[in-house]
Structures are given as structure tokens and as C-alpha cells.
Protein chains: 2
Amino acid sequence: MTITLYELTGADDDLRFSPYVWRIRLALAHKGLDHEGVAWRFTEKDAIAFSGQGKVPVLVDGDKTVIDSWDIACHLEDAYPDHPSLFGGEAGRAGAYFVKHWFETGVNRFIAKMVVADVWAVLHEKDKSYFRETREKALGKKLEEVCTDEDAARADLAQALTPMRAVLQTQPYLGGAAPNFMDYIPFAAFMWARCSSPRALLESDDPVHGWRERMLDSLGGMPRAAKCVETG
Amino acid sequence: MTITLYELTGADDDLRFSPYVWRIRLALAHKGLDHEGVAWRFTEKDAIAFSGQGKVPVLVDGDKTVIDSWDIACHLEDAYPDHPSLFGGEAGRAGAYFVKHWFETGVNRFIAKMVVADVWAVLHEKDKSYFRETREKALGKKLEEVCTDEDAARADLAQALTPMRAVLQTQPYLGGAAPNFMDYIPFAAFMWARCSSPRALLESDDPVHGWRERMLDSLGGMPRAAKCVETG
């Protein structure tokens, strides 16, 4: 049975940069599940209307359609219990759920601030107006005015990552000795940045930088091999 | 075999208020392990010199002495595998480890700010000078000047609890359907405040307030029955 994942895509058909889609790409690879990734762009609402809403990721697994990255991860975990576990049991699922909320309420906006203008630049022409209008309305300023002090933004992100850095002082992954969905949640956002932006988000001596390097080499090196924005 | 726990104690022999000791009191109750709690005060360094350092909790379990609340929790989990699990497996342990670092780097100081002067007030006379001197040196101000705007401090704490509140919107405990060590880490700090301070740390309509009420009734109501500072 084919698993289909609708994946936000840039002007380049191979540039798949959505952080929420990346959570699922990583989860599928972790569980050893093949999938067909369908290129999808912001303005192609009709193509995913069958899911009852207008955002990706949308996963179609046989006769089941699942939306929302957390619910998709839970679906994969529960539907494929004999494949490697994403959560490591119910308590591990609760741990990942906490990391999800920590990341989404306390960290994500600092990455978004640094990359939002670069994301616009990699979009397909047909998405650019939509993206600019919706994001500028939400942010209350022009995309080019969101991150005027990159050093300060990088310092804010480093501060927001404090608890993660503390964990990584004594173990290689948030999940412990090996990565699990606790790692994929923040790493997916770093893949979003890597795919769409030339900016350096982390200082090279930051333990989070070392973790990101290990994550890039995880899953057989799939993350490091992913198509990124062309730089310079 | 008797488990002995050295517990920080106020002027009142029954007032056991240390947040790190509370983590272990809760962990022992969760695992259904009896223990003898030995009253200990800050200046009684000689009484725990056998542990090689000068802080509590110190746990003595047979011929084994364990210090540091995280290491003690891990010892209890690993030494008593047939008792109810604190972590729910290795991934759950990693989740609790993340919550520990989140709490200690991002939340604890806001509770400390609100209660530190009240903690001083409940101490035994022989501890008062030691506590005032060490804390005022660390904080750079007199204890009475640490929290001059209680409303602002309460708002800062509420902000710091954002990810925890988000989790509690959809499940009753951080650990999921039932409390585990992910819950005991923050709850222990709320017990610290409850035992030592008359101040209200949470607004009554905060989901974290509802969680704290459930936690007070957990473990057979042991937390709610614990000796607290006399108020008004």
C-alpha cells in the first residue's frame, strides 16, 4: 500500500522545505516506510481540498487521510507498531508532546524570523504574492524588515535553545542514545532553514550545532543529501 | 532494607520544603517505597559529610548513598524495576530529562523570586544567617528586595509556563493520562512554594492551577496533607 505525503515545494520541484512536512519525512525514514512525496504549493488549495483544510502535511495511507504533523506521527506509530518506534512507548510520546509545545511556543518564531524572507525567495512565482501578503499581515511588517539584526536574532535563538543545549551536554540526542521524534521536532525546523536560507543559525561551538551535524548524518544521511537552496 | 532520605527542614520539624527533596518524596511515593525522612538543616553540613558534599537530597539505600535528585530518581527506577515506573521506559526518561532542564533553566528562578524571602522566614534560627548571606550574595540584593512587584512576578511565571500549559490543554498530566516524573519535577517546585510561602503563584483559571490541584490529590493525597507554613 502506497503512503502519499503532500510536501510543500519551492520553485525547484525538489526543494521540499516545510518544517512540519520535514517532521513526517523524518518519521517515515525512521520507521523505514517508503512514501511518494507529492509536490504541493501554497496556492494549490484544490489539490488537498479532500483533506478538509488547506495546509500540509497531508498524509494519505491507503483509505485513510491524516492531517497535522503530530497526528500523522501518531498515526504512523500506531499503524506500524512493528516498525522502529518514533516515541519509545506512551511516556516517550508524552515527552515528545512536551518538546513539540516547547518548540512551537518558545523557539520556532526565532527561526522563522531569520528565514522568512529567504523562504519567500525560494517560492514558485505563483506562491510569492500569497506568502508575502499572509506573512506580512501576520507579522505586521514587510518581510525584508523582519530580521534587520541577524546577530541579535541568532543570539535570541541561542537563548531559546537553552534547555536543549543543557540536555545535549550529557547525551547525544534529546531521545537519549539515539534520535527519536523528540529530536525530529526541532531538527525539522533546522531542515526548513537549511533548505531555504543561506544564513547560519547556530554558532559552530554550540552543542546544538554538533547535534544538528549528527542529525544530518542520521537516517543514512538522508537529511544531509536533501536539496537545499543554491548559495553563492 | 530501610531507605533514608535527608530532608531540608524548617524551624518546624515537620516542614519539609526543599523542591529537590520533594522530587524524591514524590518519586518514593509513586514507587510505593517507604522511607525514613531525616530532618536536616542547611548548617548541618557534618551530618551529610559522608555523602562527599553539602546539599540535600541525600538518599541512603542499604549500603548505597546517592546524591542529586536526578541521580536518585534514576537509582530508584533502576533498583526497583518491579515497582511502578517513574519514567515509563528509556524514551520517557529522556522526556523527563528534557523537562528537568526546561524547568531548571527557564522556570525555577521565577518561583524562587516569589518565595525566597518567605523561605527565609520559615527557617530554623540557626540557618537564617547562612541562607540570607548565601542567597543575597548570589542574587545581588537583600531578600526583601527580590520580589517588589508580585503581580509582575506572577505574570513572568505564567509566561515561563507556556509550553506546560499548552500540553495541559489536551491531557491531564505532562506524563499523559497519569502523572510520572515529568510531572513531579515542576510539581516539586510548587510544593516548595506551598510549604514555605503564603503567596498565590498561579491564577485560578490557569490550566496549570487545575493540574496542581490534581497533583495535590495524587499519591493518595500525600502532597495536600503535607505540613505547610501557617498562614494568617
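1. How much of the chain is helix and how much is strand over residues 8–84 of chain A? In this predicted model, the chain over that stretch is 30% helix and 18% strand, and its end C-alpha atoms lie 26 Å apart. The stretch is the one for which UniProt, in an unreviewed entry, lists "domain: GST N-terminal".

2. In chain B, helix α1 (residues 19–30) and helix α8 (residues 181–196) have axes that come within 8 Å and cross at roughly 125 degrees. Angles over 145 degrees would count as roughly antiparallel and 65 to 115 as roughly perpendicular, so α1(B) is oblique to α8(B). The crossing in which α1(B) passes α8(B) is right-handed.

3. On the α1(B) side, this contact is made by Pro19(B), Trp22(B), Arg23(B), Leu26(B), Ala27(B) and His30(B). The residues contributed by α8(B) include Phe181(B), Tyr184(B), Ile185(B), Phe187(B), Met191(B), Trp192(B) and Cys195(B). Sorted by class, the contact between the two helices has 13 nonpolar residues, one polar and one charged.

4. The same surface serves both of them, since 100% of the contact residues of chain B recur in chain A.

Methods. Residues numbered from 1 in each chain as written. Chains lettered and ligands numbered in written order. Predicted model: local features only at pLDDT ≥ 70, side-chain atom pairs only at ≥ 80, totals over all residues. Heavy atoms only, no water. UniProt positions renumbered as here; feature names shortened; annotations may be inferred. Helix = DSSP H or I, 4+ residues; strand = E, 2+ residues; numbered from the N terminus. Axes fitted to C-alpha atoms, helices over the stretch in contact; angles between N-to-C directions. Parallel < 35°, antiparallel > 145°, perpendicular 65-115°, else oblique. Left-handed = near helix turned anticlockwise from the far one by under 90°. Contact = heavy atoms within 4.5 Å. Nonpolar A, V, L, I, M, F, W, Y, C, P; charged D, E, K, R; others polar.
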